[in-house]
Amino acid sequence: MRAVGIILAGGNNSKMQDLSKKRAVGAMPLAGSYRAIDFALSNMTNSHIQKVAVLTQYNALSLNEHLSSSKWWDFGRKQGGLYVFTPSITSDNGFWYRGTADAIAQNIAFLKKSHEPYVIIASGDAIYKMDYNKVLEKHVETGADITIVGKQMPEGTDVSAYGVISTDESGRVTDFIEKPIDSKNTFISTGIYVIRRRLLIQLVEECSAADQYDLVTDIIIRNKDAKRIFAYNLDSYWKNIASVQNYFDANMDFLKKDVRDFFFKQYPDVYSKVEDLPPAKYNPGSNVSNSLISSGCIINGEVQGSVIFKQAYIGNNCVVKNSIIMNDVYIGDGAVIENCIIESHSTINPNEKLGNADGNVEIINERNFRYSL
């Protein structure tokens with residue numbers, strides 16, 4: 001084991017609107033049977049990183065429950081393991097995590113007790129597949145102090161929600177602008193970093209002593225000239241769940257054969273917590289096209305271009321089109337749903353019409369008619 005892993009999954013994102021009111025972004029359901037954090041965890045275990053810390057905070061109940069057993073990602077070994085850290089009051093500190101650097105600082109004992117020479121830092125809300133060992137090899141080869149994994153986005157992409165990287169011919173970072181208002185440069189940071197463990201401890205402690213709390217602003221950007229910071233280009237699929245539209249698009253991407261094949265048919269695999277549910281049932285009269293239907297679902301109506309999560313019920317003569325139906329949703333007979341995200345445990349009344357055909361995504365909040373007294 002050459003590296004220890006840290007997954008930052010504690011932040012809140014207001015651009016997720018009502019979707020993040022009941023769960024952390026890292027716990028957002030994806031592709032029918034997965035959570036957003038599964039992709040980072042799978043990358044860790046597939047890269048033979050056996051000791052991983054997940055730092056959670058905001059709305060962490062469902063995320064912590066999802067991470068309650070490490071066996072799903074094969075971290076349950078004598079060497080290493082999966083550690084979940086939430087903020088705790090101590091004699092020295094009574095704060096919540098005030099930023100990404102502060103989250104690491106409050107759990108600095110994890111790094112100090114580790115013996116691996118390097119640290120892989122990743123976010124828990126990005127969808128991608130990569131071998132971190134390739135980044136680590138490049139990190140050692142270039143003699144970098146910090147290596148940032150970047151992604152070249154298509155020309156014209158709005159990069160105002162990301163950190164934008166500029167490099168010289170050798171790949172060394174010459175500039176790093178966090179969330180620029182206007183930038184023609186579309187080479188962005190994916191939020192994945194490689195750094196020597198002892199250096200990270202030093203930088204985090206210096207940051208904490210100066211009452212600075214952000215990993216990007218107060219460590220990476222401040223040290224871009226003082227430290228050797230290099231960029232590594234990720235040339236495969238990557239998407240960050242930074243907004244409702246990003247989340248919707250990420251799920252819709254899994255309806256494309258090439259994306260599904262990349263994640264689920266090409267080695268290595270993506271792992272998740274498995275529930276003991278029966279296979280989906282398609283009753284006479286059902287009609288499903290270009291959709292993902294998860295275990296435990298009962299389909300009676302028509303489903304087109306949609307992602308249906310676990311234990312959903314689609315009634316007779318229903319039409320579900322270009323939508324995301326989350327876990328345990330009941331859709332009554334004759335309902336029509338288009339361009340919607342239906343929150344988990346919701347009940348849609350018979351013959352109800354939701355959404356529209358103009359392409360704007362509508363969020364339908366939890367409506368627990370089935371469970372009201």
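Tutor: Here's a walk through the rings, then the core. First, the ground rules: this is a predicted model, where local features need pLDDT of at least 70, side-chain atom pairs count only at pLDDT 80 or more, and totals for chains, interfaces and linings use all residues. Residues are numbered from 1 along each chain as its sequence is written, and side-chain values use heavy atoms, with hydrogens and water left out.

Searching the whole structure turns up 14 aromatic pairs. Rings of Phe, Tyr and Trp (its six-membered ring) pair if their centres lie within 6.5 Å, and planes under 30 degrees apart count as stacked, over 60 as edge-to-face and the rest as tilted. Take Phe39 and Phe254: their ring centres are 6.2 Å apart with the planes at 40°, so this pair is tilted. It links distant parts of the chain, since Phe39 is in helix α1 while Phe254 sits in the loop between α8 (244-253) and α9 (257-264), 215 residues apart. Helices here are DSSP runs of H or I with at least four residues, strands are E runs of at least two, and both are numbered from the N terminus. Phe39 and Phe254 are both buried, meaning under 20% relative accessible area with a 1.4 Å probe, protein chains only.

Now look at Tyr237 and Phe263, an edge-to-face pair at 5.5 Å centre to centre and 85° between the planes. Tyr237 lies in the loop between β12 (229-233) and β13 (238-240) and Phe263 in helix α9, so the pair ties together parts 26 residues apart in sequence. Tyr237 and Phe263 are buried too. Zoom out a bit, and Tyr34, Phe39, Tyr237, Phe254, Phe262, Phe263 and Phe264 form one aromatic cluster. Phe262 also has a charge over its face: Lys129 lies there, 5.2 Å from the ring centre. That label needs NZ of Lys or CZ of Arg within 6 Å of the ring centre and within 35 degrees of the ring normal.

On to the core. The largest nonpolar core has 37 residues, and Leu41, Met44, Tyr128, Met130 and Tyr132 have the most contacts inside it. A core here is a set of buried Ala, Val, Leu, Ile, Met, Phe, Trp, Tyr and Cys residues joined through side-chain atoms within 4.5 Å. Helix α1 gives the most to this core, with four residues. Leaving out residues up to four places away in sequence, Tyr128 touches, among others, Phe39, Tyr237 and Phe263, where contact means heavy atoms within 4.5 Å.

Conventions. Buried means under 20% relative accessible area, exposed over 50%, partly exposed in between (1.4 Å probe, protein chains only).
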